[in-house]
Each structure stands twice: as C-alpha cells, then as structure tokens.
Amino acid sequence: MATIPAIRTREEILFDIMQTTSRLYGIRDKDILLERILTEARQALIADAGSIYLIEGDKLVIHYAQNETLQRRLQPGEKLPFSMFAFPLDKTTIAGAAALTKQLINEPDVYAISPDKSYKFGNSSDIATRYKTVSTLTIPLIAVSGEVLGVLQMINALDVHGRIRAFTADDEMFLSLFAANAATTLMHASLTREMILRMVQMAELHDPRETGLHVHRVANYAVEIYDRWAFNHNVHRHEREKFRDALKIAAMLHDVGKIGISDSILKKPGKLTPEEYQIMQTHTWRGSNLFQSGNSAVDALSRDIALRHHENWDGSGYPGHIAIDTGEILRYNSTHTAAQGLIGTEIPLGARITALADVYDALSCKRTYKDAWTEDKVYEEIKRLSNVKFDPEVTAAFFEVLPRIKIIKERFSEAAEPHGQKLVQMP
C-alpha cells in the first residue's frame, strides 16, 4: 500500500507557498514564468508530471508540459519534444471543466472517473508516450478581476517511495493558494510582454523586415541555445534560470534601435551606399541607449545585445570600440577605416547567442526581398562561419538543440495557426 507523505501543518504549507511564490515574482518573461510556475508547483507537490494551459479565445492552449518519467528516458541535457496544441474550451475535458467552473478538480484515478461527470480523460497522450496517468489535481489560474487566465494541472503525485498516490487535502490547500499568487505574477508578466511587443511593433513600422514572428523566433532560439550552452558549461541552475529569463526579453529587443533610423534607409529597396550603411550601423548603440538608465538584469542584457549582436568572433563586426552614447570611435582597426570590433569572449555571451539566432532566422525564412535558403545550405553557412562570425561553442550548442529549433521555427511560421498551436479534439 502506498505511503502518504507526512501531513503538513497550515504554517508549513503557508511557508512553502511564500518560498515558492517569492521565486516567481522576480521573473519578467511570460513564457519563462509559465514554465517556472509549472516547475515550482510540481516540485512542491512531488508530482511526476504536469501541464500548464492558457485560455486564448474559445480555446485552451497547452504551453508547457513536464514529465520526469519520460525525461529519464532521454540523454543528459536533452529535452522532451513538445509542440503547443489547443482544444475547445468546454466541460468535456478535466482542464476545461476546471476553467469553466472555476473549481479545483481532484481525480484519484482518471481511468475511473464517475460517468455522471461532464468530463472524461483523453488517453491519447498516454498511448503515444507509453506513460500511465493515474492521479490528477487541476486548478484554474484566476486573476484578481475574476478572469480565468489558464489552468494548472498536476499529474501523478508520488509518495516517499516514488509510488503513485492520490493528491491529498494538503495538496489541494497548497495548490489553491499557490495558484492565486501564480495568477498575479502571470498578470504582471503579461503586461511586460505587451510593452515589449509594442516596442517591437514600433520598430516594425519602420523596418518591414523585423516582424513579430521574427523576434519571437529569435528569442526562443536564443533561450534553447543558451540552455544547451549552460548545460555544457555546468552553469548552476539558479544562475541559468536568471540569465534565460533576461535573455528571452532582451533578445526580442535586439533591433529596437532601428526606431532611430530613417525610413529612406530602412526601406530602401536596393543596396545601401557606404554612407547609408554607416548610418544603419548606428542602430546598435542607439538601441543600447534606450536601456542605459535601467539597473535590472534585463536592462543590462538588453544593452549588451542591442549593442553587440553584430560583433563577429574574429573581430570584424561592428560597432566595436566606440563611445556608447555618441558612437564616437575610441579605437580604430588596423586599416584605420572603422572601429576595431570586439574579439572572441570580449563579446557578451547574450550577444554571441543572439547573433547566431538572428542570422539563422534571416537565412532560413522568406522575406519580401529574398527567398528562404534550404535548411542544408543554412547549416553549411553556419558551420562555415563558426570561429569567424560565431562563437564555436555557441555554434555547437545550436546544432545540439536543432530538433527544438525546428519546432520553434514551425510554431512561429506564417503558415501556423495563431500562437503556433495545433487544434485537436480531446476524447
């Protein structure tokens, strides 16, 4: 018979909630926060798996899923394959019922749900992954206004021996209080995302090549590349989590300095003159200056990436050694024709990663002025530019996460449905 973990006192539950939610409040990016909400809740309840959904129109969209049992089947550093999908928001699914009734749902065995309930368990995922879902604890994420933002679902609670058990009353109390705090942090992160996208849209008005899909792809590529680079370098989990949160936002803003460049240059159909190209290069330090007054990790990384994402590993990039506020050259290159570019690890890590993500997207996607390159041709070019334009270790990390890069590209493609999700009918 399964052993139930010791019952926690109300004070212990409240302390655990304070500990977990305090870790959430420092996260700025919405996607990173969603993933972290799921992680914190699952670890606190000792749940083997879990999912987090957002309501988007009349659909429920799964944004993140975690599964320790399936993760153990992979090689160290690998991630579970995952793509967003959606299903109609109604009471025929557990998650849909929780959202529409605004009630927590605790099912000890999803294969033995009472037939008088409106919902039933869809076992297609279990069949596909050869995983057995037993117990679930599902709760809506409700804003202070009463709006249901999404649903948090815990799967397969584990006892002290690692055996599946039912979720307890303690688990229900914890998740209820945790979900209320998580919804508040999610609202804050959503507002941050909206402001970021407004800045991106302003740049897009000037430069039609910089689309919302482009910046979403680049930011998501950058996080995946960083995660693998960090794994390869044994970066501590806490440092990795802080950096990836700032990176996701900063990478979206890499070209925001183009707001300050004339339309006659940005929208010129032909090749730029040398004088026009020099003006175009100023978007780096102009963008960096937008974040000079801030002291947060996001501001610091946004300064670095905006300023340095056109630097090259071999020192041939720009803007190089300049005065950040004016663009004045501080150190010339050997031919005394331009500023000496930063070399190697002089270039901040976030900028080295974003540079590769940006170039990959530019080459692999169709633009108004060019066709997309074939994937093989893109990979050949990136390999050719490793140790020239790109950090070789960042290049290696890129190829190690290529399957996830492809998923992101498909998710944020012009042909994808809104938000990149697939609409499925849940049984």
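Student: Which residues of helix H14 are buried?

Tutor: This is a predicted model, and in it Val378, Tyr379, Glu381, Ile382 and Leu385 are the buried residues of H14, which runs over residues 375-385. To be called buried, a residue needs under 20% relative accessible area.

Student: What makes them line one face of the helix?

Tutor: Look down the axis of H14: the buried residues fall within an arc of 160°, so they line one face. The background is simple: an α-helix has 3.6 residues a turn, so residues three or four places apart point the same way.

Student: Which residues are exposed on the other side of H14?

Tutor: Asp376, Glu380, Lys383 and Arg384 are exposed there. Exposed takes over 50% relative accessible area.

Student: And what covers the buried residues of H14?

Tutor: The cover includes helix H13 (349-364), helix H15 (392-400) and helix H16 (402-411). Contact here means heavy atoms within 4.5 Å.

Student: What comes after H14 that has a positive phi?

Tutor: Asn387 follows H14, and its phi is near 75°.

Student: Now the whole protein: why does its radius of gyration agree with a compact globule?

Tutor: For 427 residues, a compact globule would come out near 22 Å; the protein has 24 Å, which agrees. The C-alpha trace spans about 80 × 45 × 40 Å along its principal axes.

Student: How many of the residues count as buried, as a percentage?

Tutor: That's 49% of the 427 residues. As for secondary structure, the protein has 16 helices and eight strands.

Note on methods. Residues are numbered from 1 along each chain as its sequence is written. This is a predicted model: local features need pLDDT of at least 70, side-chain atom pairs count only at pLDDT 80 or more; totals for chains, interfaces and linings use all residues. Side-chain values use heavy atoms; hydrogens and water are left out. Helices (H or I, at least four residues) and strands (E, at least two) are DSSP runs, numbered from the N terminus. The radius of gyration is taken over C-alpha atoms; the globule rule is 2.2 Å times the number of residues to the power 0.38. Buried means under 20% relative accessible area, exposed over 50%, partly exposed in between (1.4 Å probe, protein chains only). The arc is that of the directions from the helix axis to the C-beta atoms.
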